[in-house]
Each structure stands twice: as C-alpha cells, then as structure tokens.
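Student: Please show me the model, and let us go through a few of its local features.

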Amino acid sequence: MERFGAGSLPRRDPHKDKGQRLRRELRTARSTNRTVESERLSAATQRIVLADDAPWIVVVSLSEEPWPDAERELLGAAHRVAHEIGGGVVVVRVGFHDPAPDLGQIGADRVVLLPLITDPDALATYVVAVMERCKACHVFFGEAGADADVARRTAILLGERPATSLHLLSSERATFQEAGRCIEVSRPLPKVATLAPGRFDAYVSGIAREGKQIEIELRETTAGVRDLGVVTASQLDAPLGEARFIVSAGDGVTDWEAFRDVTEALGGTIAGSRQVVDAGHLPRHRQVGASGTLVEARCYLAFGISGAPQHLQGVQRCRYVIAVNTDLHAAMVKRADLAIIADAQEVMPALARLAGGHADA
Ligand SMILES: Cc1cc2nc3c(=O)[nH]c(=O)nc-3n(C[C@H](O)[C@H](O)[C@H](O)COP(=O)(O)OP(=O)(O)OC[C@H]3O[C@@H](n4cnc5c(N)ncnc54)[C@H](O)[C@@H]3O)c2cc1C
C-alpha cells in the first residue's frame, strides 16, 4: 500500500519544481507497487522513504573523497535497475568518520558507514554481511583499483560469477567486453558486477532520499592477509599493464643509475626489452613485447631499443612513443612520434635535470 505521510503536498508549493519531481517519483513508485511515503521534514525538504522490505541494490565506494564522480555513476546505474524492480539503493562507504555525511542528498536510500579498512578480504566479508542483512539482489562496484579487487573477492565469497566492466545494463541483462575488448558479451545481470568508468549517467534528482543509516556488526575476520594500512606505492614499480607512462631501456643503455634516476624524475614506470632482461638488468616481469607484457601506456619512452617486431608488438596500443637512439634508421625511431638521435647516456641525465626544474640542463 502506498500513502502520503502526514502533511501531504501543499496546493501552492513555493518549491514547485521539487514538488513536481516528487510527484513523478511517487507515480513511478505506485506503478511498481512499492511502499513509499513522502516525509515532510520542513517546508522546503521532502524525502523519499522506502520500506525495509523493498528490493535493494548495494553500491560500494572505497573513495575517501566526499562525492567522487565514480560513486555518482554507480548510483545512477543502481537507481536505474532499482527503478525497474521497484527498489532502492544502499550505499556502503568506507573510511568515513564523524560527522556522518548526509548521503540521502546524493541518492542513498540506506547507508552503511564502515571505518577505514584496507584488508580487501575483510571488506568483502562486510559487503556480504550488508547484502545478507538487506537481502540485496545485486552489488555494484567501480572497475578500478581496490574497488575492483574487493568486487572479485565478494563474488568468490558469494559463490557467484561476476560480470566486470559493464558498459550497459538493465535489471535483466548486463553487457560487457571480453578477450581484450574484442568480443561484446551480454548475459543475465549477475549478483556482483563492476561498472566501467564514464559509461553511466550520474544520479540526479531534486528530491533527497532517506539516507537512513544501517549498523553492521564488525567482526574479526580470519583473512589470510595482514592489514598494514595504506602504503603509497612508487610509480617506478607499478604493474606494466596499468602504467600510464613507461620509461623503457634496451641494449643501448649502459648507465643503469641514470636510467633509474630519469624514470623517477619523470614519474614513469620502469620497463625494458628482452635483451636487457635476458642480461639480468631487469626482472622478467618488466619485459615489454610479444613474450612479455603488451602495454597500453599513454606515453612510452624508449632508450636504446632497436624496435624488433616482437618488441613493437608490445607497444602497439601506446598513444605516444618517444625513441632515443643513436641510429636514425632504427625501427623504433620509425615507429616513434618523436625521436631524439643521440646517446642515451647523455640524454638521460639531461632529461632528469630538466624534470627536476634545473634551467641549466
Ligand atoms: C620468439 C621471440 C620472442 C621475443 N620476444 C621479445 C619480447 O617480448 N620483447 C623484446 O623486447 N624482445 C623480444 N624478442 C627479442 C627481439 O627479437 C630483439 O632481440 C630484442 O627486442 C632486442 O632488444 P634491444 O632493442 O634492447 O637490443 P638491440 O636490438 O641490440 O638494439 C639496441 C639499440 O640500441 C641502440 N643504441 C646503441 N647504443 C646506443 C646509445 N649509446 N644510445 C642510444 N641508443 C643506442 C642501437 O642503435 C639499437 O637500436 C623476442 C625474440 C624471439 C625470437
């Protein structure tokens, strides 16, 4: 049954737009047969209130920023599905302290605030606890960093196969890409999903949702990892597949200290050709190429690399390539958007000085 709570909409509402939007949402709620009340908190503030037994979609945000874009997109996608099934959205936020933020203003019907927990297994355990508590149908995460990691762990705990990097979804189907983004797959919307960034509209409504807080009992977990807190990782050793700016060395590099210095000064990630990996200058997981990692950096700076086909295969998805080589006719120079024909041993310290802001470099 649906009803307006005490103080139904006034005939002459000074906040006409809000009133119209509320009526629209209430009409939607009626058509989906869910229990909704309009709660008049003040002359200007009205909230949509859902019954506890509504079908819930959980969204999880590990961001410490107040309202990151990714969370607004998650909310947009979740509300779309919730709207189809006549339900609401539970927002799980991690790392929030007093005072508790009013997440109802950005579209949360229910809110779970967890302390800063960096152990992904513990987080997944709490997400499962939230889902059980609310009897939620689905949980959505962003497809980035720690969020994506916790999503996969949650799926394992629930014994579900997740759908990842969704770019289209409805309450029935999820569409995403597989096999290096070559194949588009569509399947029934699973319980656990991660959403590709920038593919969903942010949730927008002039009417706040209830934003009611739910308490979850935090229990000791028996996870196999020890929580060391947040550790700032160096770009130098970032995984090659995720690096945005790669500085790579080939057989033309002999000054390894200068190579490390210039990579650090430029904020890049270290990589190399197979030749230097075979020679023991860099570990195997730093090798770029057909038998190493296929990288997708925005910029690939190659010092003393000839550009053998097996190496070029590894950089074909890079946006910009810069080559430093003494040989004007090297294949790497031909592939490059910008080439410096010079000795790498001289260019590396000069670039490091420039990056460090020394005008005399
Ligand atoms: C099955 C197979 C798989 C392979 N997979 C890979 C792979 O995944 N990745 C990979 O990298 N290779 C791979 N290789 C090896 C590949 O064929 C090349 O041998 C290798 O990439 C060459 O590495 P390099 O460019 O560092 O060395 P070189 O080919 O020796 O080139 C050195 C370059 O440095 C330049 N140079 C020399 N001195 C200087 C200087 N002072 N300053 C600036 N430039 C200088 C030279 O002009 C030259 O262009 C594979 C080979 C096979 C057969």
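Tutor: A residue is buried if 20 or more other C-beta atoms, placed from the backbone, lie within 10 Å of its own, exposed if 12 or fewer, and partly exposed in between. Helices (H or I, at least four residues) and strands (E, at least two) are DSSP runs, numbered from the N terminus. This is a predicted model, in which local features need pLDDT of at least 70 and side-chain atom pairs count only at pLDDT 80 or more, while totals for chains, interfaces and linings use all residues. Residues are numbered from 1 along each chain as its sequence is written.

Student: How many of the six residues of strand E10 are buried?

Tutor: Strand E10 covers residues 183-188. The strand lies largely in the open, because the number of buried residues in it is zero.

Student: Which residue in E10 is the bridge partner of Phe176?

Tutor: Two strands pair if DSSP finds at least two bridges between them. Strand E9 (residues 173-178) and E10 run antiparallel and are joined by six bridges. In E10, the partner of Phe176 is Val185.

Student: Is Lys135 buried or exposed?

Tutor: Lys135 sits in the loop between helix H3 (120-134) and strand E6 (138-142). Its phi is positive, about 55°, although Lys135 is not a glycine. With 11 other C-beta atoms within 10 Å, Lys135 is exposed.

Student: What is the mean pLDDT of the protein?

Tutor: pLDDT is the predictor's confidence in each residue, from 0 to 100. Of the protein's residues, 80% reach 70 or more, and the mean is 83.
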